[in-house]
Structures are given as structure tokens and as C-alpha cells.
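Open the model in your viewer and keep the selection panel at hand. The tour goes stop by stop.

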Amino acid sequence: MIIIGGGIGGLASALRLLHKGYEVEVFEKENTLGGRVNQIISNLGYRFDLSASILLLPQTFYELFSDLGLNLQDYLEMNLLHPTYRVFYKNQEIIDFSTELAELVPQLESFSSEDAAGYLAWLTDIYNKYRVIDESFLRKSFESLGEFLNPKTMANLLKSKPFNSTTDYLKSFIKDERVLNYLSFQAMFIGMNPYESSNLYTLLPAVSQLYGLYYIKGGMYELIKVLEKLILEKGGRIHLNSEVQKIVTSNHRAIGVSVGGDFIKGDIILANADVLYVNECLLGESPQKYKMSCSTYILYLGVKQKLPKFSVHNLYIGPEFEKNITAPFIGAVPEKPSLYVYMPTSIDENLAPKGCECLNIMVRVPNLLKANVWNTEAKEGLKTYIYDVLEQLTEIAEFEKVVEFESDFTPVDMLNKFNASLGSAFGVSPDLNQTNYFRPHHKSKTYEGLYYVGASTHPGTGISLVLHSAKLVSDIICHNK
Ligand SMILES: Cc1cc2nc3c(=O)[nH]c(=O)nc-3n(C[C@H](O)[C@H](O)[C@H](O)COP(=O)(O)OP(=O)(O)OC[C@H]3O[C@@H](n4cnc5c(N)ncnc54)[C@H](O)[C@@H]3O)c2cc1C
């Protein structure tokens, strides 16, 4: 079988299918595997995770290895992070949100005992929703409407009460604005607007609290290196710099792919490249009408001194929080966005020269639907703003003087490098009407032998959900469902 794309979805599926005895060949257009889980290595010795950095739901990572008869700990060193997030507010206040309830509760009580009780009540409520969602939605493939519309699934959907927004839901438990902004900001991690998206997306801060955030020693890309090694050990073949130009079909059946002008035959074709791109560009179908998630601007800085104020995962809650967080969803580049700042070198010194730090600063920006929004002026404006915020947070005047490496990644890079439709960071937007049965399916309805895996398919975006997607599609292929 042929897999188009060596992102996390393609690699996890390759391993699962090799384990079941399939012959697997992976074709990846870039010169490295990993797709959006990738890395940048500077010649000064800085190593940056390209995009994904937050390891949620570690159990899904363990599950992949145990399903292969392996023990993750034999391959990767994964450590629980303390604190979960360090949050910087515009009035210079800094709050560490701890994984440990014994530390978090007194912290919340110092705001008010009502907020501490509210936080715990929210956590209980969302945990109950999570149990329903995990069992009834994340682990089902929803290839048919019947599977989705059955009475039990409908009852569970209603039980999860998904309809009010993230911010309204949180406000029904918590009053403190600092805590509200900290929690609602995290909807942005899957490219959602917390003022409009379903309250179910408070699952992100909830599972971070309940199961912790983990860090893979060496950075997220270590996972990709291990998957690559295992695929080769199990006899899989990997072709880098090999962009598939076309999926070849005959009599409503996918029969192979075209790469560099050569026809390569395959009984099963599994597309890990974004579904919308695959259907439009590799099959010549008309564009599908899905709303795509927002995109991201990322600035990578190699800093030639230690920055003790930062933890691994840092949030900066900026001015006019609602206006700036909403901007990308109405097609505007935010002027003064809140920021996510990732600094793994605070616990992993091997990623930078001695005494130095790696910083990834991420801003949510519009995707490329409105072609004229993303331009040099927008990019330079964000860069200047980010440097200003860094000066304020680190108390280092002229921050650019301590920076010895700078690079960035824009929505246009996302489009060109990974064929991500509209340069979207998170694929098809996980609005409720684009989830479950209503998200692109794993099995093609048009061509026998063609399947899809990845962030734009069910259950959705983020490494742990894409690992679920790989499991679902592998089961469908193995059981010829
Ligand atoms: C900025 C950013 C931050 C993120 N942060 C996190 C995070 O902290 N935690 C988390 O869990 N998730 C995070 N995510 C989401 C996560 O990275 C993605 O959901 C996941 O990596 C998507 O994997 P995938 O396999 O679906 O697709 P991709 O990674 O896009 O893989 C698709 C692959 O197909 C290849 N390809 C495309 N076209 C072709 C072709 N014609 N021929 C051959 N190959 C082709 C691409 O080059 C790519 O390698 C983040 C994403 C972004 C963009």
C-alpha cells in the first residue's frame, strides 16, 4: 500500500499497518518526515520544534506503542511538566498554573474561594463530558450517518451539552478574569475562537490539568525520529523529496500514484496530505466547502543568554484580549495579540548552545482565504510587537541585541511546505457542524481503495487526535469496513 505524506498521521498509520502485515511505502514531498511536527536546526546549534510543542493526552502516545507490542519508555523519555503554564499578564503579574491541585487550589483561593470552588466544579463537569466524548465520539469512525444518528450517540451528544460557547460556559463557573483568559486562550491551540466555539473545547485546559502536559526529551521531533526508525525496522519503505502529483484511478478505484512522472501501483492508497488538497489537486475534484481553521505566525529566536523568567510553556495575556483573540476569525491580523511562548531550553539544555535559549513565539493569524491580509507589513508589525513584549517580560532593553538567530514561519510557508489548504494550521476547522460524521471521512465514497488520515479527518487536529485518526483508519482498512 502507498501512503501519501509522512506527517504524524501517515507515520502512525504506516506502523499500525506494517504491524498487521501490510507492505507499506511512504511518499513524502519534503526532505524530512513529520509534516507539521518538524524541526528547524540552525548552524549556530539551536534546535527548534517547528510547530507542535504541547504534548496533551500522553495515554494516546502510549497506546500507539502498546498496540504495536512495544513500550514507549524504551524509546522516548517523557516527563511531566511543572507548572503546566506560566502566564504573564499585561500588568506585570505572573501566575504559575500548577499541575498539582495541592498547589493550584491555594493559588486560586488567593483570588477567591468562589473561584477555587468554581474551577473544581468546571473540572468535574468537563471531565464528565470528556468521558462521554472519549468513549462515544473520539473512538468511533462515523463513516455512515446511521452510526452517528443512532439513539445512544444522540443521547450522549445531548448529555455533553456542547452548545454554549467556551467563554460563556467558563463564566458560569469562574469569575476571575485572569483565570478565565488563561483557560479560554487555550481554545486557540486548535485554532478556535473561544467566544464562539463550543464549550467542549475547554477540554484542552481540562485534560492538561487532569493528565498533565508532558515533554519529550530532545523535543517533539524525537517522536518522529522513533517512528521513522520503527517503520524501517519493520520493513516499510520511505521516499523523501517525493511529491505525489496525482492519484491514478480506473473504474472508480484508486490503483496507484504518479511521482516524478513514474506510475507506482498500489492496492490501497492512504492520503495523509490534507484531504481538501488531495481531492482538489491529486484527484482533480472541485473544491469542497469546508471552513478551514486559522493559521499561525511563528517567530523562532536563538537567544545568547539565559531567560530565567520563562518556563517551558508560557502565555502572555495581552491588552484588549477579546478584540485581539477574535481578529483572526474575522480575517484580520491582530494588532496586539496574546502570545504563546515556548522555551524548552528551560529544562532541556541540549537544544541550544551552552547558556543560550530557544524561543518559539506563536500568534494566531487568519488563513489565506482573504489573499491580501497576509503581507510583509503584517509580518513586520507582528515582529516589532513581539520584540516589544519580550523586552517588557524579560526586562531586557533592546532584546534584538541578545538574539543571534532569527527565523519565522508564515501561513504562506504552511501552504507551500505542507500543501495545507489555505495555509491553515489545524486543517478543517473543528466547528460542531464539521465534526464527527460531518468531518471528512476516512474512506473515500468515490474511489474504492482510497483512504484518508490526519488533522482534517475525524476526530480532528492535534497530535493525540491524529493518532486516534490513524488507529481508526487502520482498523477500517484491516477490516475492509
Ligand atoms: C503552529 C502549530 C502549532 C501546533 N501545536 C500543536 C501542539 O502544541 N500540540 C499538538 O498536539 N498539536 C499541535 N499542532 C497540530 C499538529 O501539529 C497537527 O494536527 C498534526 O501534526 C497534523 O498531522 P497530519 O499528519 O494530519 O498532517 P501533516 O503534518 O500536515 O502531514 C501531511 C504530510 O503530507 C505531506 N504532503 C503533502 N502533500 C504531499 C504530496 N503531494 N506528496 C507527498 N507528500 C505530501 C506534507 O509535506 C506533510 O509532511 C500544531 C499545529 C501547528 C501548525
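## Stop 1

Select Gln-92, in the loop between S6 and strand S7 (94–97). This is a predicted model. Check the backbone of Gln-92: its phi is near 75 degrees, a positive value in a residue other than glycine. Most residues other than glycine have a negative phi, and most peptide bonds are trans.

Next, select Pro-83. Pro-83 sits in the loop between strand S5 (78–80) and strand S6 (85–89). Show the peptide bond from His-82 to Pro-83: it is cis, with omega near -10 degrees.

Now jump to Pro-459, in the loop that joins strand S19 (450–452) and H15. The peptide bond from His-458 to Pro-459 is also cis. Here omega is near 5 degrees.

## Stop 1: the ligand

Select the ligand and display the residues around it.

- Val-244: a polar backbone atom is 2.9 Å from a nitrogen atom of the ligand.
- Asn-419: a polar side-chain atom lies 2.9 Å from a nitrogen atom of the ligand.
- Thr-461: a polar side-chain atom lies 3.1 Å from an oxygen atom of the ligand.

How much of the ligand's accessible area does the protein cover? On its own the ligand has 1,000 Å², and the protein covers 97% of that.

Color the shell by element.

## Stop 2: a helix pair

Select helix H4 (residues 113–138) and helix H9 (residues 203–211). They pack at an angle of about 100 degrees, and their axes are 10 Å apart. H4 is therefore roughly perpendicular to H9.

Show side chains at the contact. From H4, take Tyr-119, Trp-122, Leu-123, Ile-126, Tyr-127, Tyr-130 and Ile-133. From H9, take Leu-203, Pro-205, Ala-206, Val-207, Gln-209, Leu-210 and Tyr-211.

What classes of residue make up this contact? The count is 13 nonpolar, one polar and no charged residues.

Notes:
Residues numbered from 1 in each chain as written. Predicted model: local features only at pLDDT ≥ 70, side-chain atom pairs only at ≥ 80, totals over all residues. Heavy atoms only, no water. Axes fitted to C-alpha atoms, helices over the stretch in contact; angles between N-to-C directions. Helix = DSSP H or I, 4+ residues; strand = E, 2+ residues; numbered from the N terminus. Parallel < 35°, antiparallel > 145°, perpendicular 65-115°, else oblique. Contact = heavy atoms within 4.5 Å. Nonpolar A, V, L, I, M, F, W, Y, C, P; charged D, E, K, R; others polar. Polar contact = N/O pair within 3.5 Å; in protein donor to acceptor, adjacent residues only side chain to side chain. Areas by Shrake-Rupley, 256 points an atom, 1.4 Å probe, with all protein chains shown as cover.
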